[in-house]
Amino acid sequence: GAPNYMTLLGVFLVAGIGSAFGEVSMNSLVTKAYPNRSGFALNALHLFFSIGAFIGPALAGLLIVTYGSWRLPYLIACLVFVPLAAAAAMLFRRTKSEKRVVISDAERSHMPEGKILEALMQGRALLLAGFFYSGAELGANAWLPTFLMLERGFPVGLASLSIGLFWASMAAGRLGLGS
């Protein structure tokens with residue numbers, strides 16, 4: 001655990017920035033790879049996220065119930081992350097050293113970079129919808145197991161399965177509505 005609250009906040013800040021970089025990179029790559037079906041491709045990407053978000057809490061709950069330690073799922077997640085981070089770093093280094101492809105004017109966006117923020121601000125309702133959607137999704141993810149254990153007396157395994165089922169439902173919705 002972190003030695004104090006400020007260290008914990010700093011670790012969360014770094015983890016959040018890293019997670020955001022990963023999500024933005026994946027979303028951008030998928031939409032560029034499948035420009036004619038970018039909506040479907042993004043749905044498929046997030047379907048896999050939902051499947052992982054279902055399996056992760058269920059396995060974490062099983063490990064906690066079986067071995068009695070909440071630290072074990074975190075240790076396993078860290079051990080799995082290390083080779084993934086190393087592979088990503090090697091891929092980044094290799095991509096950086098490769099010759100850059102020149103993009104023609106026809107492939108460039110019709111909107112100058114300076115106008116992107118202005119266009120986003122004109123779509124305030126869309127930004128607010130994204131803000132509240134993400135807040136509700138992540139809030140349920142963080143709050144539901146704690147609520148079920150502390151307020152409803154659920155055992156750890158059932159509480160973790162419940163959040164897993166929340167994400168499985170997200171995956172089913174994406175699969176059903178994204179095709």
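In helix α2, the residues A41, H46, L47, S50, A53, P57 and G61 are buried, where buried denotes under 20% relative accessible area, exposed over 50% and partly exposed the range in between, for a 1.4 Å probe and protein chains only. These buried residues of α2 pack against α1 and α6 (156-177), with contact taken as heavy atoms within 4.5 Å. The model is a predicted one, in which local features need pLDDT of at least 70 and side-chain atom pairs count only at pLDDT 80 or more, whereas totals for chains, interfaces and linings use all residues. Residues are numbered from 1 along each chain as its sequence is written, and side-chain values use heavy atoms, with hydrogens and water left out.

The protein chain has six helices and zero strands, and its pattern along the sequence reads α-α-α-α-α-α; helices (H or I, at least four residues) and strands (E, at least two) are DSSP runs numbered from the N terminus. Of the 179 residues of the protein chain, 14% count as buried. Among contacts between residues at least 6 apart in sequence, 55% join residues at least 24 apart.

The axes of helix α1 (residues 5-33) and helix α2 (residues 38-67) come within 9 Å and cross at roughly 140°, the axes being lines fitted to C-alpha atoms, for helices over the stretch in contact, and the angles running from 0 to 180 degrees between N-to-C directions. The two helices are therefore oblique to each other, since angles under 35 degrees count as roughly parallel, over 145 as roughly antiparallel, 65 to 115 as roughly perpendicular and the rest as oblique. To this contact, α1 contributes E23, M26, N27, V30 and T31, and α2 contributes S38, A41, L42, L45 and H46. By residue class, the contact of α1 with α2 comprises five nonpolar, four polar and one charged, with Ala, Val, Leu, Ile, Met, Phe, Trp, Tyr, Cys and Pro counted as nonpolar, Asp, Glu, Lys and Arg as charged, and the others, Gly among them, as polar.

Just after α2, G68 takes a positive phi of about 75°.

Elsewhere in the chain, A142 lies in helix α5 (residues 124-150) and is exposed, with a relative accessible area of 56%. The C-alpha atoms of A142 and I163, which are 21 residues apart along the chain, are separated by 8.9 Å.
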